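Here is a short briefing on the strands and helices of one model. Keep the sequence and the 3D view open while reading.

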Amino acid sequence: MKLDRITYEPGALVDFFEKGLTASGALCARTWHDRLEVVAEGPAARLWNADGALHSVELQFAPVGASGARAAGREVFPGCPLTFQLAEALRPAPLALERVVLAADGPAARPPDATVVERLWRNQFPDTVRWRQAAPLARDFHFSLVALVRCEIQAIDQHWSLHRVALALPGGQSDEGLAREIGFARVDESGPGLDAWPVPDPAEWSAMLSRVMEQELAGELADVRVRQENRLRRELDRVDDYFENYERELSERVRRGGKVKLADRLAAARAEHARHRADQVARHEIVVVPHLDTLLLVAEPAWRAALHVARAHQPPADVTARFIPRARRWELGRL
């Protein structure tokens with residue numbers, strides 16, 4: 001899910017800069033309600049100096065709706081580079097994989113009724129002919145990977161967006177419900193011991209996140225692509241017109257008796273024409289740069305079931321499945 005942008009509020013940003021820079025080792029003092037005096041060295045000073053040399057500056061936070069040119073090194077405004085750089089500096093490196101166990105609330109606290117779970121199974125797998133529980137439901141956990149992804153779309157116009165995505169493990173299916181509700185979920189403070197956490201698989205998880213983000217950004221990228229293609233078409237038409245006129249002029253000069261090495265000049269013009277076209281295509285490429293800000297491994301209460309199932313055109317089989325109360329769905333596969 002794409003998260004809404006936070007409304008620009010100078011007061012909130014003053015607090016963010018004061019706390020963030022202080023945590024990085026800088027000395028900060030508010031000289032006015034919209035000004036922050038900063039003396040930084042080392043990690044905190046790298047926002048201004050790559051070598052971390054001592055730096056002193058009074059940051060001014062622009063009021064809402066202010067217009068005009070801005071000094072990016074000492075002014076904070078909507079989309080200010082300093083804000084992004086400070087957020088990057090405060091992010092732990094390497095990124096930590098956090099774990100959380102959700103509390104068993106509501107339907108997850110007690111075994112669901114057999115009639116209900118059978119109906120949900122048949123809704124999910126409508127080709128089921130026979131369905132029977134071979135054993136009582138047993139407590140279990142379902143695992144998901146939740147990520148906070150900041151996406152930078154580099155085009156003629158630069159775009160930023162923030163997304164929270166949830167992937168069901170191990171298959172990597174997108175779970176919009178969990179992404180939407182994770183902020184309201186209650187954590188199990190008792191911290192039940194789990195010995196069977198999924199083993200981190202950076203390569204596989206990266207591929208799954210890439211697939212989900214492609215789907216998340218499809219609509220936004222379609223609009224960007226239309227604008228890029230229109231601009232590219234205008235630039236290519238301009239380049240083509242210039243070189244067509246140039247070649248026509250060369251041909252006219254030869255016909256008027258001018259001493260021009262036409263073949264060599266035409267070959268050079270065509271090579272330059274191709275180079276300019278390739279340059280414009282490269283300038284109008286769209287590059288998506290994702291930044292992972294948070295990785296959270298979530299264990300939520302579920303119920304494991306041993307089932308005897310017969311599905312259309314398949315022989316009856318004993319299967320093990322997991323029922324997820326929050327999503328009201330069944331999960332098959334590697335359990």
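**Hairpins, strands and a helix pair**

In the hairpin of β12 and β13, four residues lie between the strands, and Arg328 has a positive phi near 55°. The model is predicted: local features need pLDDT of at least 70, side-chain atom pairs count only at pLDDT 80 or more, and totals for chains, interfaces and linings use all residues. Residues are numbered from 1 along each chain as its sequence is written, and side-chain values use heavy atoms, with hydrogens and water left out.

Helices (H or I, at least four residues) and strands (E, at least two) are DSSP runs, numbered from the N terminus. Two strands pair if DSSP finds at least two bridges between them.

- Strand β12 (residues 317–324) pairs with β11 in the antiparallel sense, over seven bridges.
- Ala306 stands opposite Thr320 of β12.
- Five residues separate β11 and β12 in their hairpin. In that turn, His313 has a positive phi of about 65°.
- Strand β13 (residues 329–331) pairs with β12 over three bridges, again in the antiparallel sense.
- Arg322 has Glu331 in β13 as its bridge partner.

**Strand β8 and its neighbours**

- Strand β8 (residues 138–154) is largely enclosed by the rest of the structure, because 12 of its 17 residues are buried. Buried means under 20% relative accessible area, exposed means over 50%, and partly exposed lies in between (1.4 Å probe, protein chains only).
- β8 runs antiparallel to strand β11 (residues 287–311), and 17 bridges join the two.
- Leu148 is paired with Thr294 of β11 as its bridge partner.
- β8 also pairs with strand β9 (residues 159–168), in the antiparallel sense over 10 bridges.
- Leu145 has Leu167 of β9 as its bridge partner.
- The hairpin that joins β8 to β9 passes through four residues.

**The open sheet**

- Four strands form an open sheet in the order β2-β3-β4-β5, with mixed pairing.
- β2 (27–32) and β5 (75–76) are the edge strands, each pairing on one side only.
- Strand β3 (residues 35–40) and strand β4 (residues 55–61) run antiparallel and are joined by six bridges.
- Leu36 has Leu59 in β4 as its bridge partner.

**Helices α1 and α2**

- Helix α1 (residues 10–23) packs on helix α2 (residues 81–90) at an angle of about 40°, with the axes 11 Å apart. Axes are lines fitted to C-alpha atoms, for helices over the stretch in contact, and angles run from 0 to 180 degrees between N-to-C directions.
- α1 and α2 are therefore oblique to each other. Angles under 35 degrees count as roughly parallel, over 145 as roughly antiparallel, 65 to 115 as roughly perpendicular, and the rest as oblique.
- On the α1 side, the contact is made by Leu13, Phe16, Phe17, Gly20 and Leu21. On the α2 side, Leu82, Thr83, Leu86, Ala87 and Leu90 take part. Contact means heavy atoms within 4.5 Å.

**Gln228 in helix α5**

- Gln228 lies in helix α5 (residues 202–255).
- Gln228 counts as buried because its relative accessibility is 5%.
- Gln228 touches Ala155, Ile156, His284, Glu285 and Ile286, not counting residues up to four places away in sequence.
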